[in-house]
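This report looks at one helix and at a group of aromatic side chains. Please view the sequence and the structure before reading on.

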Amino acid sequence: MRDTADGGSGPDGKGPDGKGPDGKGPGGQGPGGDGPTGGHSATLAAKWEDLHQHAAQVAKLAQLSPEPFTGPLAAFPAQIGDATEWQRELAWQGVDDIEAMMRPGLAALETLRQRGASANAPALALWREFYTARGAVLALADR
């Protein structure tokens, strides 16, 4: 989970003092952060991409075709970085929630595989949950 109240950076890339994690500009990395949207989007982008790597593993276990990480999926962190504060906060929460679902779900699927059971049906169920939750997070960029 992300740190916000105890000195870490939150969805706006700022610490409790209103500055970035390095004590400099709004998103760290100097006066203007690390790009047009500050340090927040770089961190969100990494989490977003990591989630999609996990989703690719789930899709493979569900025997689904791989989904390309291009277009709106790849552009989402930049789009949400330009959004309002409430949209960024909801996006962070949504990504955290999806991550909280994916990690134990993948562990359970791996346990099934190790025991010789078919992981197809539960992997498909996890994929559907991911897909639905991701759609809700993606919709935040359209508001």
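## Length of helix H3

What span should the 30 residues of helix H3 have, and how far apart are its end C-alpha atoms? The model is a predicted one. Helix H3 covers residues 85–114, and at 1.5 Å a residue it should span 44 Å.

After H3 comes Gly 116, which has a positive phi, near 85°.

A search of the whole structure gives three aromatic pairs. Trp 127 and Phe 130 are three residues apart in helix H4 (residues 120–139), so about one helical turn separates them.

Trp 127 also forms a tilted aromatic pair with Tyr 131, at 6.3 Å centre to centre and 40° between the planes. Because Trp 127 and Tyr 131 are four residues apart in helix H4, about one helical turn lies between them. Together, Trp 127, Phe 130 and Tyr 131 form one aromatic cluster.

## Exposure of the cluster

Which residues of the cluster are buried? Buried means under 20% relative accessible area. Trp 127 has 12%, so it is buried. Phe 130 has 1% relative accessibility and therefore counts as buried. Tyr 131 is partly exposed, because its relative accessible area is 48%.

Terms used. Residues numbered from 1 in each chain as written. Predicted model: local features only at pLDDT ≥ 70, side-chain atom pairs only at ≥ 80, totals over all residues. Heavy atoms only, no water. Helix = DSSP H or I, 4+ residues; strand = E, 2+ residues; numbered from the N terminus. Expected span 1.5 Å × (residues − 1). Phe/Tyr/Trp six-rings, centres within 6.5 Å; stacked < 30°, edge-to-face > 60°. Buried < 20%, exposed > 50% of the residue type's maximum accessible area, 1.4 Å probe, protein only.
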